[in-house]
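Me: I'd like to learn how to read salt bridges in a protein model. Could you walk me through it?

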Amino acid sequence: MPKNDNTDAAVTSPESIRVRFRFVGFILILIGLGLAGRFFYIQVIKGEDYLRAAKKIYTERQEVFGQRGEIFDRNGNLLVANAPRVHIACGPYHLKNDEERKRLAWVVSRHFPEKSYQEYYRRFAKYRYVTDKSGKQIKRRNNYQLIKRNATLDEVKLLKKSLTPVVQKNKSKKKDKRQNLLRVLSYEPAAVRTYPKGQMLANLLGYVDIEGSRMTPRNGLEKRYNADMAPDKVRNVFEKTPAGHPIIFADNKILKPADGKDLYLTILEPVQAILEEELDAVMEKWKPEAVFAAVADPRTGEVLAIAQRPTFNPADRKTYKPDVIRMRYAEDTYEPGSLAKPFSVLLALERKLVKPDDLIDCEKGRWGEKKLTDSHAYDRLTVSEVIQKSSNIGTAKIALMLGKDGVYHALRRFGFNTRSGLPIPGEVRGELRKPKVWDSLAITRIPIGYSFSTTALQLLRAYCGLANNGKVPELKLIHGFRDPETGGMQLAPPVKFLDSGTDPVQLYKLIDMMISVTGKGGTARKAAIPGFQVAGKTGTSRKNIQAVKDPVTGKILVKSHYAAGQYYASFAGFVPAHDPRLAMVITLDNPKGASYGGVVAAPAFKNTMERTLRYLNIQPTEPVLSRSRQKGR
């Protein structure tokens, strides 16, 4: 059949080709206009929306905290430190397959067995589901799962080693791709509080809780000075890879937050260690419910050591109990007993009402008129012997010469019923009522340390005043703050003194009386230190149990009363007596086996002071008898 040449010519004619090109060009123009419109819509009309959405994916906003200030003793010994830690996290969405998910869950469960393999595997799912406001389940990428909070650097190192790709020993040198999981891990720097000295000063220092990357103080000096020790925080913004790692060369905003200030105390760590060792010995021997003590320099009011038992270990949360966390030396009030006697006697000396050699009728140990007794049947004692023997009746008769206002003034001028000056949260004032509300027996009870309450810190302050020529210092605990940026030290303000108006001549006589307390015939011979004159006073008081009220009605369920056979046993003193360098108060709450302060508290005073004098290289002021002469006495 002959070909139709005309048809083929028409199809391939120039005109038909031009039509085709125009058609194709028109289609391309339409596509181009469509794409241009789409690009215009994306880049211009919805550009900001898409940009914000993209930034949420590749931009990380992270709060970063500086380092919390550390705590040191006076000489720079570290008491509370920061230890570096790392929060380990991963981005499960970027695990390639279920095999990698199983591998990661298995390795992590071996290193951090706090959770099971099954729990880690569940957490490493590619997607997670969240509930919106309407209650609808929304599927989201699982881009972040915390693996371990506050991991140590060694734990991080071991985990990385387990997940680092290994090179095969064959000639191909191929890596084990199954273990190449480091790409999905991320690390956030963190820190925790550590305590190089263990439980030393635990009650005073306090502790912090870790909330995310923030340390939140709960009590003690950590809480009191949080504003100074807390670091600044900054919000860093940086671009990240799909696995969550920062892109090094991106336009990131990375700032370094300022660290908190370091706190320096007046505490001397070796003296603190001595005191705590002695309190441990007291607990073991006498088994009291509690014992608390403090040592200070009476010239400056600086506290060199302060401790209590029982206590807790700030590194072990299992030991945190309300009754051992609170600071008994500041929060426990008790009737001081005979520790109060020197103050009334001193004022009576100053007012020329008595002289050291004046005789006082002590009623042979029982004064029926005032329902008062002594531990021994004393007949007539000199004023000096009233202090030496700790006569309740003799002290009460001297107080009657002073009158109510005089006894009240004798105590108030040495700081009783006021706080000590230490920056301790929760410190109480005790209770010393004004004379107008005293009953008929108060005038004979308050001067012997009953019918008013105080704290160990108030007693320490008052005895510092006796030792410091009547100048009563506010107790001082803070030496200063160190700026970690400059290294400069900002010292705490100078100590303030309360002038008691004491006559130095009469105070000297009282101190001689207090020296006799630790000498032959005194109630505290066990407080004597060879080579030194020790001025002190014993105190033994019955334990007062506070009234119990119904929390709803306020009705008294149990009246306030003295517990049978329960006592506070104390000793307070200073050394060297006429040129004091150290003052100390120690109190035992309900010791077992003995109750007198001269028996249970005085030896701990002696041991602590003797060791501290040696550490501070304070030379003896008195000749020391040889052992043979001491035995012969």
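Me: Okay, what do the side chains of E278 and R611 meet in?

Reply: Quick heads-up: this is a predicted model, where local features need pLDDT of at least 70, side-chain atom pairs count only at pLDDT 80 or more, and totals for chains, interfaces and linings use all residues. Residues are numbered from 1 along each chain as its sequence is written, and side-chain values use heavy atoms, with hydrogens and water left out. Now the general idea: side chains of opposite charge can pair when their charged atoms come close. E278 and R611 meet in a salt bridge, at 3.0 Å from N to O (the rule: a side-chain nitrogen of Lys or Arg within 4 Å of a carboxyl oxygen of Asp or Glu). E278 sits in helix 10 (residues 269–286) and R611 in helix 20 (residues 602–615), so the pair ties together parts that are 333 residues apart in sequence. Helices here are DSSP runs of H or I with at least four residues, strands are runs of E with at least two, and both are numbered from the N terminus.

Me: Is E278 buried or exposed?

Reply: Buried, at 11% relative accessibility. Buried means under 20% relative accessible area, exposed over 50%, and partly exposed in between, using a 1.4 Å probe and protein chains only.

Me: Which side chain does E289 meet in a salt bridge?

Reply: That of K543, at 2.9 Å from N to O. E289 lies in the loop between helix 10 and strand 12 (290–297), while K543 is in strand 22 (residues 535–545), so this pair ties together parts 254 residues apart in sequence. E289 is partly exposed at 38% relative accessibility, and K543 is buried at 9%. Salt bridges can also share partners: D323, R326, R328 and D332 are joined that way into one network.

Me: And what about a pair within one helix? How far apart are the closest N and O atoms of D98 and K102?

Reply: They are 3.6 Å apart, and the two residues form a salt bridge. D98 and K102 are four residues apart in helix 4, which means about one helical turn separates them. D98 is partly exposed, at 31% relative accessibility, and so is K102, at 37%.

Me: Where is R103?

Reply: R103 is in helix 4 (residues 98–111), partly exposed at 24% relative accessible area. R103 and Y121 are 18 residues apart in sequence, and their C-alpha atoms are 9.1 Å apart in space.

Me: How many salt bridges does the count come to?

Reply: By this rule, 28 salt bridges.
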